[in-house]
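The structure comes first, then the text.

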Amino acid sequence: MTADLPDHSPQGNLRASHAERDAVVDRLREAAAEGRIELDELEARLEVALTAKTHAELAPLTADLPPLVPPVQSPPLVLKGGMHGVSRIGRWSVPSRITAYGGMAGVKMDFTRTQCRLAEIEIEAHGQMAGVTLVVPESWAVDTTGMDPGAGGLSDKTTPDRLAGTPLIRLTGTGGAAGVVVRHPNRWERRKLERNPPQ
């Protein structure tokens, strides 16, 4: 570790934020998982990272590690309700990003039979004339803070009781004329799930 090489630049004297400390902690843990640093060294670096007050204290902790290469993002799945409507139900492959346009006949996405291991799913929904409906398992949670309800509104009937290891849906977009609905399975849908549980 190159902690004995302090950073005396003006940038190094800047105060570190919680997010910057967390980013260094995450990188150190990834480096340990990759076999780049030993566990005892990981503990020593984590102790410094968690108590660091400036960039100068944080910089040496990852100076000898290769930078992370950001993953290449694939284009989002685009669903357009159009004149006939579109639905995704049953067992379907859920991508990390989805854009849905309600159009004249609406879009419905049912995630209750999917086996999704993503930490987060970004969904941009535009209700337009017929609306967009999302049906999510009761163990999932939805963040709707980035959603503009528009004239049709946003109806969020989900609970925040997210279980560990399940996705968080980050919902953005606009309600349009018909709105966007996010809910857990209704009574009829729950009965179907009980009779034929997801595999």
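Arginine 27 counts as buried, at 9% relative accessibility; buried means under 20% relative accessible area, exposed over 50%, and partly exposed in between, with a 1.4 Å probe and protein chains only. The model is predicted: local features need pLDDT of at least 70, side-chain atom pairs count only at pLDDT 80 or more, and totals for chains, interfaces and linings use all residues. Residues are numbered from 1 along each chain as its sequence is written, and side-chain values use heavy atoms, with hydrogens and water left out.

**Salt bridges**

The structure holds 9 salt bridges, a salt bridge being a side-chain nitrogen of Lys or Arg within 4 Å of a carboxyl oxygen of Asp or Glu. Three of them are listed here.

| Pair | N to O distance |
|---|---|
| Arginine 27 and glutamate 30 | 3.9 Å |
| Arginine 27 and glutamate 34 | 3.7 Å |
| Glutamate 189 and arginine 183 | 2.7 Å |

Arginine 27 and glutamate 30 are 3 residues apart in helix α1 (residues 18-33), so about one helical turn separates them. Helices (H or I, at least four residues) and strands (E, at least two) are DSSP runs, numbered from the N terminus. Salt bridges with shared partners join Arg27, Glu30, Glu34 and Arg36 into one network. In the pair of glutamate 189 and arginine 183, both residues are buried.

**The sheet**

In what order do the strands of the open sheet run? The order is β1-β3-β5-β9-β7, with 5 strands and parallel pairing. Two strands pair if DSSP finds at least two bridges between them. The edge strands are β1 (77-80) and β7, each of which pairs on one side only. From one strand to the next the twist averages 15°; axes are lines fitted to C-alpha atoms, for helices over the stretch in contact, and angles run from 0 to 180 degrees between N-to-C directions.

Strand β9 (residues 168-174) pairs with strand β5 (residues 120-126) in the parallel sense over 7 bridges. Within this pairing, leucine 168 in β9 is the bridge partner of glutamate 120. Strand β7 (residues 141-148) also pairs with β9 in the parallel sense, over 6 bridges. Opposite valine 142 stands isoleucine 169 of β9, and opposite aspartate 143 stands arginine 170 of β9.

**Leucine 154**

Leucine 154 is found in strand β8 (residues 154-156). Its relative accessibility of 27% makes leucine 154 partly exposed. Which residues does leucine 154 contact, leaving aside its neighbours within four places in sequence? They are Thr144, Met147, Pro149, Leu171, Val180 and Val182, where contact means heavy atoms within 4.5 Å. Leucine 154 and glycine 85 are 69 residues apart in sequence and 19 Å apart in space, C-alpha to C-alpha.

**The methionine patch**

Met83, Met104 and Met129 form a nonpolar surface patch with about 380 Å² of accessible area together. Patches are made of residues with over 30% relative accessible area and no salt bridge; like charges are joined within 9 Å, and nonpolar side chains (Val, Leu, Ile, Met, Phe, Trp, Tyr) within 5 Å. Accessible areas come from the Shrake-Rupley method with a 1.4 Å probe, and for residues only the protein chains shown count as cover. Methionine 104 lies in the loop between β3 (97-101) and β4 (107-110) and is exposed, with a relative accessible area of 53%.
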